[in-house]
Amino acid sequence: MIQKLSDSEKERFELAKCRIFEISEKADIEDQSYSDFFMKTARVLKRVFELTDKMSEPDYYDNSPEDLKRDNYELFKDIIGDAYDVSYANPSYAEEKLGIYSCELSFIAAELVYLPQLFADGKNLNILILMELYLEMYSIFTADERPKIKAVRDAIFYYAFDYAEIFTEDRLHDTLVADENTAYHIVMDSDLGNTSYLYRYNEYISENEILLSKYLAGLKQSEIDRIASVFTGGMRRGFDVTRVSFEGKKSVNIRYHVGQERIVRSAIMQFADMGLKPILNRYSVSRAVRRGVVRQGYVSTSPNEQFEYDHRMDEALFLDGRYSDKRINATGNTYEKLKDKAAEYAGPAVIESFGEELFDPIAKESVARLSDEQQSVSVKMNRKISEISNVYIPGDAYSFTIIAFPLPEIGSDFEEIFDFTMKLNTLDNDKYTAIQQYMIDAVDTCDYVEVIGAEENKTDMHVAMRKLENPEKETQFENCVADVNIPVGEIFTSPVLKGTYGTLNVSSAYLNGYHFKNITLRFEDGVITDYSCDNYDDPEDGKKYIKENILFNHETLPIGEFAIGTNTDAYYMAHRFNILEKLPILIVEKTGPHFAVGDTCYSHAEDKKVYNPDGKEIISRENDFSLLRNTDMEKAYFNCHTDITIPYNELGRITAVYNDGRRVDIIRDGRFVLPGTEELNASLEKCGE
């Protein structure tokens, strides 16, 4: 949503801009440390203003790729590479130079990093608000060289609190309303054979985006359309498979990686044939409305993942009960304003990317961190916001589709991996439906399932199953093929929590954007009782890492899903190119059994009947927590779902155990042994060649 300023706001904007330009030359603060902070950050602002003015010239994008790349680097240079070591956006450097005010001032420096994106999207009011926060902080330090920390903290708090409605409404509008915005015009109007268009986003443009765009530009239009059709067809099939009415749906939120525009353009035209208009929104850039490190929208390669990680909990600077109430009320009021648009929303259509170098974040004491009380406030606030969202966009009233493709950073085999991924995305659904049904028939009526690791893998899980009242018409597992969740290949259920216990262990996993080494979770009655990883020398740092990025600050989480992945072709691809750790959860979850912690796969849609291709109703749609949704909503949902997969090479066996003592192996020594499933071993055998 482009923000138009009133006359008075335009005047404030120009005054703030002039004052900042003055500060870039001279800061009226005697203390050299604070003078340096304000002068350097003012120069960042000035540089962005000058560059964005330059970029608004009609023929700017006719410049050479080298010139465009140089200017793009100038927008983000303060946090790229070694420059981040001496940037005030780095909490450690800020702490060294600024003392007790470091977190607050580093927060401001971090917010300024995203000014280029605000300019590109016409977020003029957000820019004005940020400039006025900066000038307010400057006035605090010019009035008193050693201001009271309360004054500094209040400035940050009221930045988030006073403008919560504006930030919230702007964000929800961008995600629900199909506007022909900056991104739409980039995708639909640009010459996608010329990579100059990439720089119009004012995102950091790396070799990933450039090489990806060039690769797709070299494909025939028929191939691009085929790629898009798998993606768009999945969205439409999702409504049929889940028996959700498509009537009245008019918009679809397309999320993608910059460089994939040829696919997106084709998808937009295919969705148009279904009557759907595209919503193309950038991920949320301000910490006032952004959750952790999640980037939900169109994205490019981060200029610095450590920077993102360092500021993941900046809401600690303003999060309390007052702010929480304001955000919740703003969310409810905005949804009410946009309720017609929400009713027309068909869901998200996501093109994921994978292949970046693994990122192992450095744990810093200097960063803002949520207190125990704030963690509780955060959990409750996000839960309430989710509840409001579910009122206006019920879980059983929309669909989704998700697919993934590699980035050039994955290595010299990029093109071959891209082609192989496309093959995965178009595997024969009917073939897998039949094979997976043999597995479902074996586990549907068992008492429990054992999942045991191989060699050094310490997994030892006992998974309790439900008793089917009518096995002829009911089933516990969904026979999941490539409709919305692409590629094909898993059966899954919501296990019984009471009686489910044991240890889940994986030597290496890439979860929610982060690398986990030797992650171990322990369960009793289906909920986590302990956890650890080997990412840090201090075990407590490992616990914090898991709590923040898997438990999302909950004290514990239940098992929301137990699944057996069957896509051995995906595992072969991972083995052949040595990229298992770089694959997204979307693909990894199909390469072995996995357990998801958090909500079930049917979260907020438990009352909607779901059926397998054989006509049987899937009855395992909830657990002891989701059952509370009608009596104690605060305890029913956790608003997270993280799949943790045990790869075939770390798997000893999966065994169905019946109440009469019979034992039937599904997988033994990393191979499928159940009659009817042996065909899946062909790709596994190639891994040993």
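The legends below accompany close-up views of one predicted model.

**Figure 1. The whole chain, with its overall dimensions and its elements of secondary structure.** The predicted model shows a chain whose secondary structure comes to 23 helices and 19 strands. Along the principal axes, the C-alpha atoms fill a box of roughly 85 × 55 × 50 Å. A compact globule of 689 residues would have a radius of gyration near 26 Å, and the chain agrees with this expectation because its own value is 26 Å. Of the 689 residues in the chain, 61% are buried.

Figure 2. Rolling a probe the size of a water molecule over the atoms shows where empty space is left. A search of the whole structure in this model finds five cavities of 30 Å³ or more, and the largest cavity holds about 350 Å³ of space. Its lining is made up of 26 residues, and those that lie nearest the centre of the cavity are Leu118, Lys123, Asp170, Asp174 and Val285. Sorted by class, the lining of the largest cavity has twelve nonpolar residues, together with seven polar and seven charged ones. Which helices each supply at least two residues of this lining? They are helix 6 (115-120), helix 7 (124-143) and helix 9 (164-176), and helix 9 gives the most, with four residues.

**Figure 3. Aspartate 31 in a loop between two helices.** Aspartate 31 is found in the loop that runs between helix 1 (7-25) and helix 2 (32-55). Is aspartate 31 buried or exposed? Its relative accessible area is 15%, and because buried means under 20%, aspartate 31 counts as buried. Not counting residues up to four places away in sequence, aspartate 31 touches Glu145 and Arg146. Histidine 462 is 431 residues away from aspartate 31 along the chain, and the C-alpha atoms of these two residues are separated by 63 Å.

**Figure 4. Phenylalanine 595 and the residues it touches.** Phenylalanine 595 is found in strand 14, which covers residues 593-598, and with a relative accessibility of 0% it counts as buried. Leaving out residues up to four places away in sequence, phenylalanine 595 touches Val451, Met461, Val463, Leu504, Ile559, Glu561, Phe562, Thr642, Asp643 and Ile644. Proline 495 is 100 residues from phenylalanine 595 in sequence, and the distance between them in space, C-alpha to C-alpha, is 9.8 Å.

**Figure 5. Threonine 433 in helix 19.** Threonine 433 lies in helix 19, which spans residues 429-443. With a relative accessible area of 18%, threonine 433 is buried, since the cut-off for a buried residue is under 20%. When its neighbours within four places in sequence are left aside, threonine 433 is in contact with Asn479, Val481 and Pro613.

Figure 6. Most residues other than glycine have a negative phi, and most peptide bonds are trans. Glutamate 455 is not a glycine, yet its phi is positive, near 50°. This residue has its place in the loop between strand 5 (448-453) and strand 6 (460-464), and at 82% relative accessibility glutamate 455 counts as exposed. Phenylalanine 552 also has a positive phi, of about 50°, although it is not a glycine. Where does phenylalanine 552 lie? Phenylalanine 552 lies in the loop between helix 20 (539-549) and strand 13 (559-565), and its relative accessibility of 23% makes it partly exposed.

Figure 7. A disulfide is a covalent bond between the sulfur atoms of two cysteines. How many disulfides does the count give? The count comes to zero disulfides. Cysteine 480 is in no disulfide, and the nearest cysteine sulfur, that of cysteine 601, is 8.3 Å away, whereas the two sulfur atoms of a disulfide must be within 2.5 Å. Cysteine 480 is buried, with a relative accessible area of 6%, and cysteine 687, at 12% relative accessibility, also counts as buried.

Technical notes:
Residues numbered from 1 in each chain as written. Predicted model: local features only at pLDDT ≥ 70, side-chain atom pairs only at ≥ 80, totals over all residues. Heavy atoms only, no water. Buried < 20%, exposed > 50% of the residue type's maximum accessible area, 1.4 Å probe, protein only. 1 Å grid on protein atoms, 1.4 Å probe; cavity = no way out; pocket = protein on both sides within 12 Å on 5 of 7 lines; lining within 4 Å. Points joined across faces, edges and corners; volume = space filled by probe spheres on them. Nonpolar A, V, L, I, M, F, W, Y, C, P; charged D, E, K, R; others polar. Rg over C-alpha atoms; globule rule 2.2 N^0.38 Å. Contact = heavy atoms within 4.5 Å.
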